[in-house]
Amino acid sequence: MAFLNSLNIAGSGLTASRLRMDVISENIANYSTTKTEDGGPYRRKSVVYEAVEDKSFGSILKDRLNGDQTTAGVQVSEIVEDPSDFNYVYNPTHPDADENGYVAMPNVDVTQEMLDMMSVTRVYDMNINALNAMKGMAARALEIGR
Amino acid sequence: MNIIPINTVNSLDEIGKIGQSVLGNAKTDEGGLSFQSIFKDAISDVKETNETLEYEANRLATGETDNLHDITIASTKASLSVELFVQLRNKALEAYNEIMRIGI
């Protein structure tokens, strides 16, 4: 029924937040990675969100039958790499140092990643609050006339 | 002495026709609000949400998904649809008892 589809919106928000958290933890874990498969140090990644409709056949059929109510949500459209420059650190004893003794370190700023992580956990909490509120409204509606 | 011939009694046929017309209307009623159609919708909802819950639980157990919230949302949906079904049954039972209390 349509009142159950509204829980999917919060669910998509939770999925998107979890994916962003994965990318942030990958950035933090690769903070000092100077060697990747394509050569060169690790490049910081970030996610791009986009707003979409629920595209499953069952939900679109239900929306048309119930009169044009569209279920929305969020989805990660792509994971982009940060194009900013690497940090060059002077360390001639490092195995990946170039001829001048400089090592290219990843462009990951740990402070920025920690801030992102805090905001992502807040957004996850808010999505869960929205989901509980919707569930509470549906449960209260079922108490009408009891 | 005159013997009055027996005439066939047609009044029962008339009552039967009224009953037929009522049944006909109920069948052609678009999205009829009879208890039966509402119950069918509620039952199919319960089945559907239950299947989704089992599917999501399977996916989580086999590790195909990392989304822990999918199964909690599916279980919330299943419990809501069962609750709706129980309330519908209560209302239908109340209506039935009300009608039975009318008496002869």
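Which residues make up the largest nonpolar core? In this predicted model, that core consists of six residues in all, namely Ala10(A), Leu14(A) and Leu131(A) together with Ile73(B), Ala74(B) and Ala78(B). Two elements give two or more residues to the core, α1 of chain A and α3 (68-100) of chain B, and the largest share, three residues, comes from α3(B). In soluble globular proteins, nonpolar side chains tend to be buried together.

The contact between the chains takes 12 residues from chain A and 13 residues from chain B. On the side of chain A that touches chain B, the elements giving two or more residues are α1 (2-29) and α3 (110-141) of chain A, and α1(A) gives the most, with six residues. By class, this side of chain A has eight nonpolar, two polar and two charged residues.

Two packed helices are described by the angle between their axes and the distance between the axes. For α3(A) and α3(B), the axes come within 11 Å and cross at roughly 10°; because angles under 35 degrees count as roughly parallel, these two helices are roughly parallel to each other. Where they meet, α3(A) contributes Leu131(A), Lys135(A), Ala138(A) and Ala139(A), while α3(B) contributes Ile73(B), Thr76(B), Leu80(B) and Glu83(B). The contact of α3(A) with α3(B) has, by class, five nonpolar, one polar and two charged residues. Leu131(A) and Ile73(B), which take part in this helix contact, also belong to the largest nonpolar core.

Technical notes:
Residues are numbered from 1 along each chain as its sequence is written. Chains are lettered from A and ligands numbered from 1 in the order in which they are written. This is a predicted model: local features need pLDDT of at least 70, side-chain atom pairs count only at pLDDT 80 or more; totals for chains, interfaces and linings use all residues. Two residues are in contact if their C-beta atoms, placed from the backbone, lie within 7 Å. Helices (H or I, at least four residues) and strands (E, at least two) are DSSP runs, numbered from the N terminus. Ala, Val, Leu, Ile, Met, Phe, Trp, Tyr, Cys and Pro count as nonpolar, Asp, Glu, Lys and Arg as charged, and the others, Gly among them, as polar. A nonpolar core is a set of buried Ala, Val, Leu, Ile, Met, Phe, Trp, Tyr and Cys residues joined through C-beta atoms within 7 Å. A residue is buried if 20 or more other C-beta atoms lie within 10 Å of its own, exposed if 12 or fewer, and partly exposed in between; C-beta atoms are placed from the backbone. Axes are lines fitted to C-alpha atoms, for helices over the stretch in contact, and angles run from 0 to 180 degrees between N-to-C directions. Angles under 35 degrees count as roughly parallel, over 145 as roughly antiparallel, 65 to 115 as roughly perpendicular and the rest as oblique.
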